[in-house]
Amino acid sequence: MSATNARTTPFRRLATAAVAVLAALGMAACSGGAGSSSSSGAQVGDRSPEQIKEAGEIVIGIFSDKAPFGYIDANGKPAGYDVVYGDRIAADLGVTAKYVPVDAAARTEVLASNKVDITLANFTVTPERAEKVDFANPYFKVSLGVVSPTSAEITDVGQLAGKTLIVTKGTTAEAYFEANHPEIKLQKYDQYSDAYQALEDGRGDAFSTDNTEVIAWAIQHPGFSVGIKSLGDTSYIAAAVKKGNTALLDWLNNELVDLGKENFFHKDYEQTLAPVYGDAATPDDLVVEGGVDTTSTN
């Protein structure tokens, strides 16, 4: 999709398109290999780069409703920051990318159950998740943000006491608020599109997820503001592979080093994120090149 289209396509239209094609995309992704043996005899999820090359296809888990990182565009095609990265992984392996839509809470399960080779669904690294999957080095960094109606803007976590905060299941926002703010009532949804719809419908007082995502959404939705732009520690987003698949993990980390030499993720940002964020963010604040955050002060 062109930068112009990315700038003008409303998030609601993207979510509607995602619902319309989700079933078809899921069926296509599950047919012909996901969870089954390849021509080399190895299952999806356990395959080395060489076995993926032999099969001619890599299966990648992405979000289908989290623009601008992973979504279904107006033409029914996977698009977004993570998809550009997935396409490059496939190209450098010399194979075709097959994308499987995943819910936030299922990002580890699709690897454990051999449905995908890699999860690229805006996947934040946490110690708990690292016990279940193996994370490559990071390619993006975020913290949490909180979006709310401008007419009742939430600018401090203390304002949420006794109120209802919308979160998506299986996200770092859910874990953060459960651990640090039991006084806040959480209203949980499986899909990001459902969570945002709940906010628009007034079923909750605010919604929290990655700051990059709520900032992008608020820009597209007049009447909503990100009153809390940074909450909690800086977190890192990385590709994940099935626990123990060291061959594919090592390939991904070496790929990150090579991509860093050409500033690949800065270019990805300019293509997919800059048209959405405009002046609200800069690539140097968010992008990690070469798998190493050279600007971190943590």
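Which residue in S10 is the bridge partner of Leu144? Select Leu144 and look across to S10: the partner is Asp210.

**Before you go on**

You are looking at a predicted model, in which local features need pLDDT of at least 70, side-chain atom pairs count only at pLDDT 80 or more, and totals for chains, interfaces and linings use all residues. Residues are numbered from 1 along each chain as its sequence is written, and side-chain values use heavy atoms, with hydrogens and water left out.

**Stop 1: strand S10**

Select residues 206–210, which make up strand S10. Helices (H or I, at least four residues) and strands (E, at least two) are DSSP runs, numbered from the N terminus. Five of the five residues in S10 are buried, where buried means under 20% relative accessible area with a 1.4 Å probe, protein chains only.

Now show the neighbours. S7 and S10 run antiparallel and are joined by four bridges, while strand S8 (residues 164–168) pairs with S10 in the parallel sense over two bridges. For one example, find Ile166, whose bridge partner in S10 is Phe207.

**Stop 2: the whole sheet**

Colour the strands in the order S5-S1-S6-S11-S7-S10-S8-S9: these eight form an open sheet with mixed pairing. Two strands pair if DSSP finds at least two bridges between them. At the edges are strand S5 (96–101) and strand S9 (185–189), each pairing on one side only.

Contact here means heavy atoms within 4.5 Å.

Then pick S7 and strand S11 (residues 224–242), an antiparallel pair with twelve bridges. Within this pairing, Val146 stands opposite Ile228 in S11.

**Stop 3: helix H11**

Move to residues 264–272, helix H11, and highlight Phe264, Phe265, Asp268, Tyr269 and Thr272, which are buried. Look down the axis of H11: the buried residues fall within an arc of 140 degrees, so they line one face of the helix. That arc is taken from the directions from the helix axis to the C-beta atoms. What do these buried residues pack against? Their partners include helix H4 (81–93), strand S7 (133–149) and helix H10 (246–260).

**Stop 4: a space inside**

Finally, select Lys66, Arg107, Asn122, Thr209 and Asp210, which are among the residues lining the largest cavity. About 40 Å³ of space lies in this cavity. On a 1 Å grid over the protein atoms alone, a cavity is a set of points where a 1.4 Å probe fits but cannot get out, and lining residues have an atom within 4 Å of a point.

Definitions and conventions: Buried < 20%, exposed > 50% of the residue type's maximum accessible area, 1.4 Å probe, protein only. 1 Å grid on protein atoms, 1.4 Å probe; cavity = no way out; pocket = protein on both sides within 12 Å on 5 of 7 lines; lining within 4 Å. Points joined across faces, edges and corners; volume = space filled by probe spheres on them.
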